[in-house]
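Me: I am new to this structure. Please take me through one part of it closely.

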Amino acid sequence: MKRVVVTGAAGFIGSHFTKHLLQSHSDVNIICIDSLTYAGNFDNLKGEIKDPRLIFYKADILNKREIFEIFSRENPDTVINFAAESHVDRSIKDPEIFMNTNVMGVQNLLEACRECPVERFHQISTDEVYGDLTLDSHGKLFSENSILAPSGVYSASKASADLLALSYCKTYGIPVTVSRGANTYGPNQYPEKLIPLMIYRAMKNKSLPLYGKGINVRDWISVKDHCRGIVAVAERGRSGEIYNIGCGCEIDNITLVKRILDILGKPYSLIEFVEDRKGHDLRYAMDSTKAQKEIGWKALDDFDETFEKTVKWYAENKNWSEKIFSGEYLKLYKTDYSEYVLSV
Ligand code: NAD
Ligand code: TYD
């Protein structure tokens, strides 16, 4: 990886990935592409934006002209696509933009790769494409060969993108890999997702809305382990292949939220059970043996330690969340960082 396009670089995982790549690859040049939707936050890149190895385009993957122009100008050898609408609750309320960004946006990127050939197009996907497992299915795990059975529009759009990317590999010979990551936690996650939302509300002594009975189970992977997995797949994964990136840290929502309250020293009475999410998946769990055997990746972080550090990061960086809730973060690219923002 020498000239890498990272789409969705101002979001949660994309910004950590950008940081990770700059730290681990001295000879890399990163071309960030992000349209800065509500989920894109320039603060997430504040430590990296001045690095001469990085440039940032404010551009939309749905805009074919912009994407083709950037690809022909920058001539990338690798594309890592994080850009997506990523929040399940939003997909229930407003499904259309999910199909547009998560499917048509991916097609534009793939078309740009046909025009300007790359050595690797890597699509970031999710365990949610497999649908869910029942709560009593102990030990049962999804493998890369499990059938796709998405429950909602977000996961259906992600599954569609996986199939589309793999079809471009077969039909046009574009070297494609797909990684399906588990639920990811760490600093800088937009506070609409479970962990940052609950931390923020607990710090304000506000009620913590747990859907249904709080018994749904997720496999939680640290953002660092997820990023290491993505690098491993993009660099060493076989073209045309899918790799699960999970860590086997299965926890139900209520246990997770109680841990947050314990770390913050807040009472469990803040928990409030609210109406369940429509089509709420019960359990996600993946077998990641293929990644371990073929490309030598496995999760390294200790959950207890990394989770506590994450909770403390939000507690110590309240300003980061406050700028989001006040809307101030949306203007940062025009105010504090305008000199670093390119457009086409
Ligand atoms: P995020 O919502 O924090 O970030 C998404 C980024 O994409 C934002 O910066 C946003 O501005 C950008 N974006 C959205 N639409 C765009 C468009 N049309 N053009 C250009 N940029 C656009 O998401 P995240 O949690 O960092 O997830 C990143 C990827 O990882 C997604 O593809 C998601 O499906 C996948 N994933 C996430 C998780 C998780 O737990 N967060 C787990 C597995 C896979
Ligand atoms: P989320 O962070 O939205 O990730 P995903 O839906 O992709 O797994 O939610 C994680 C779990 O937390 C999921 O089971 C839904 C639940 N949840 C709540 O109970 N309350 C909330 O306010 C949110 C946002 C999520």
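Which element gives the most to the shell around ligand 1? Please build the rest of the picture around that ligand, then turn to ligand 2.

Reply: β5 gives the most, with three residues in the shell around ligand 1. First, some ground rules. This is a predicted model, where local features need pLDDT of at least 70, side-chain atom pairs count only at pLDDT 80 or more, and totals for chains, interfaces and linings use all residues. Residues are numbered from 1 along each chain as its sequence is written, chains are lettered from A and ligands numbered from 1 in the order in which they are written, and side-chain values use heavy atoms, with hydrogens and water left out.

Now the shell itself. Ligand 1 is surrounded by 30 residues (a residue is near a molecule if one of its heavy atoms lies within 4 Å of it). Asp34, Asp60, Ser86, Tyr154 and Lys158 are the closest. By type, the shell holds 13 nonpolar, 14 polar and three charged residues. Here Ala, Val, Leu, Ile, Met, Phe, Trp, Tyr, Cys and Pro count as nonpolar, Asp, Glu, Lys and Arg as charged, and the others, Gly among them, as polar.

Next come the polar contacts (pairs of N or O atoms within 3.5 Å). The side chain of Tyr154 places an N or O atom 2.6 Å from an oxygen atom of ligand 1. Phe12 has a backbone N or O atom 3.0 Å from an oxygen atom of the ligand. At Ser35, a polar backbone atom is 3.1 Å from a nitrogen atom of ligand 1. On its own, ligand 1 has 840 Å² of accessible area, and the protein covers 96% of it (Shrake-Rupley method, 1.4 Å probe). The elements giving two or more residues to this shell are α1 (12-24), β5 (120-126), α5 (153-172) and β7 (183-185). Helices (H or I, at least four residues) and strands (E, at least two) are DSSP runs, numbered from the N terminus.

Now ligand 2. It has 19 residues around it, and Glu128, Pro209, Arg218, Arg277 and His280 come nearest. Its shell divides into eight nonpolar, five polar and six charged residues. α3 (88-93), α6 (194-203) and β8 (208-211) each supply at least two residues. Arg218 also has a polar side-chain atom 2.7 Å from an oxygen atom of ligand 2. For Asn253, a polar side-chain atom lies 2.9 Å from an oxygen atom of the ligand. Tyr211 uses a backbone N or O atom, 2.8 Å from an oxygen atom of ligand 2. Alone, ligand 2 exposes 510 Å², of which the protein buries 96%.

Methods:
Polar contact = N/O pair within 3.5 Å; in protein donor to acceptor, adjacent residues only side chain to side chain.
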